[in-house]
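Welcome! Please take a moment to look over the sequence and the 3D view, and then we will walk through a few contacts together.

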Amino acid sequence: MYCFAVFFAMGSCYQLPRRAPAPAKQLPCRAPTPAMSARVPLRNDLMVRAARGEKVERCPVWLFRQAGRHLPEYTAYKNEHGKNFLELLKDPKDVAECTMQPVRRYDIDAAILFSDILVVPEALGIEVTMPGGVGIQVPEPLASPADFGRIALPKTAAEARAIVGRPREEGGLSHVIASVELILTQLQGKVPLIGFSAAPWTLFYYMVGGTSKKNVEAGERWLREHPQASAELMASLELLVIEYMSAQAAAGAHLLQVRASPLHLPCTAAAPPLHPPCTSPAAIRGDGSIHHAGLDARGGASLDGPHCC
């Protein structure tokens, strides 16, 4: 299974080149928000410069999402507060603390938002659990299009934006955006903050499969048996991911990571009705507006930009 993480740096209207046969429609540039313009200047901008494709003096070092879970201080904090991983994600204070722990311990070049890809399906009404010993689970994945009736799929950008802005108690994601703001006040420009989400394709597979072990088979079945419903679901996920990541950027995140997996499947015979942008990660332009990075058959993003290492 291929897994690819695409990075985008916030700042000027920088747009990554692409090899897609037809460029995706560009949305108008958005004016910088107060949170972005009032951000504390970075004392270490190595990761941002590398993400923009600039030549850098060395390869930046950062930890993958939730990498702080290997730290003894993370275990101590979790035990002290009597919370499991999913419960820590609900409170911005806990998210900020777990994000900052690796930054305090290691001389790294970026912090990454302490989060999980399944907070997005959870906001749509999908139950997410962590029973222990088996990782995060979706106990009742979508078995057929008839299950659309039990979740709230956005049909417009405005509806997706409303989900992002709602409190967690009302099925929203505003607590994640509040976490971004709190983390930035604690970082005080020491290193940039990486925002985070999964791509629509990845979220689709978890929502119909339930676990990483089953989601490929279930996803392929959906694509064969319910092609129109699959496209509808991914279109809604695309709307939500765009608004979710745009909100993180507006709150001050310096870079955004889009995780996409399994990437070999959109280009197989199992998925003939689906094309980019539904099968591609949403990409954030430097001003906060959106375009899409096309995916090639090997699972990497088809971007021509330079790599730092």
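## A partly exposed arginine and its partner

Arg150 is partly exposed, at 34% relative accessible area; here buried means under 20%, exposed means over 50%, and partly exposed is in between, using a 1.4 Å probe on protein chains only. Its side chain meets that of Asp147 in a salt bridge, 3.7 Å from N to O. A salt bridge is a side-chain nitrogen of Lys or Arg within 4 Å of a carboxyl oxygen of Asp or Glu. Asp147 counts as buried, with a relative accessibility of 18%.

## How to read this model

This is a predicted model, in which local features need pLDDT of at least 70 and side-chain atom pairs count only at pLDDT 80 or more, while totals for chains, interfaces and linings use all residues. Residues are numbered from 1 along each chain as its sequence is written, and side-chain values use heavy atoms, leaving out hydrogens and water.

How many salt bridges does a search of the whole structure find? There are eleven. Side chains of opposite charge can pair when their charged atoms come close.

One of these pairs joins Arg49 to Asp45, with the closest N and O atoms 2.9 Å apart. Arg49 is buried at 18% relative accessible area, whereas Asp45 is partly exposed at 33%. Together with Glu57, Asp45 and Arg49 are linked in a network of salt bridges.

Arg105 also forms a salt bridge, with Glu73, and the closest N and O atoms are 2.9 Å apart. Arg105 lies in helix H5 (residues 92–105) and Glu73 in helix H3 (residues 72–81), so this pair ties together parts that are 32 residues apart in sequence. Helices are DSSP runs (H or I, at least four residues), numbered from the N terminus. Arg105 is partly exposed at 44% relative accessible area, and Glu73 is partly exposed at 26%.

## Where two helices cross

Now find helix H7 (residues 157–165) and helix H11 (residues 227–251): their axes come within 8 Å and cross at roughly 50°. That makes H7 oblique to H11, since angles under 35 degrees count as roughly parallel, over 145 as roughly antiparallel, 65 to 115 as roughly perpendicular and the rest as oblique.

Which residues meet here? Ala157, Ala160, Arg161, Ile163 and Val164 in H7 meet Leu239, Leu240, Glu243, Tyr244 and Ala247 in H11, where contact means heavy atoms within 4.5 Å.

Note on methods
Axes are lines fitted to C-alpha atoms, for helices over the stretch in contact, and angles run from 0 to 180 degrees between N-to-C directions.
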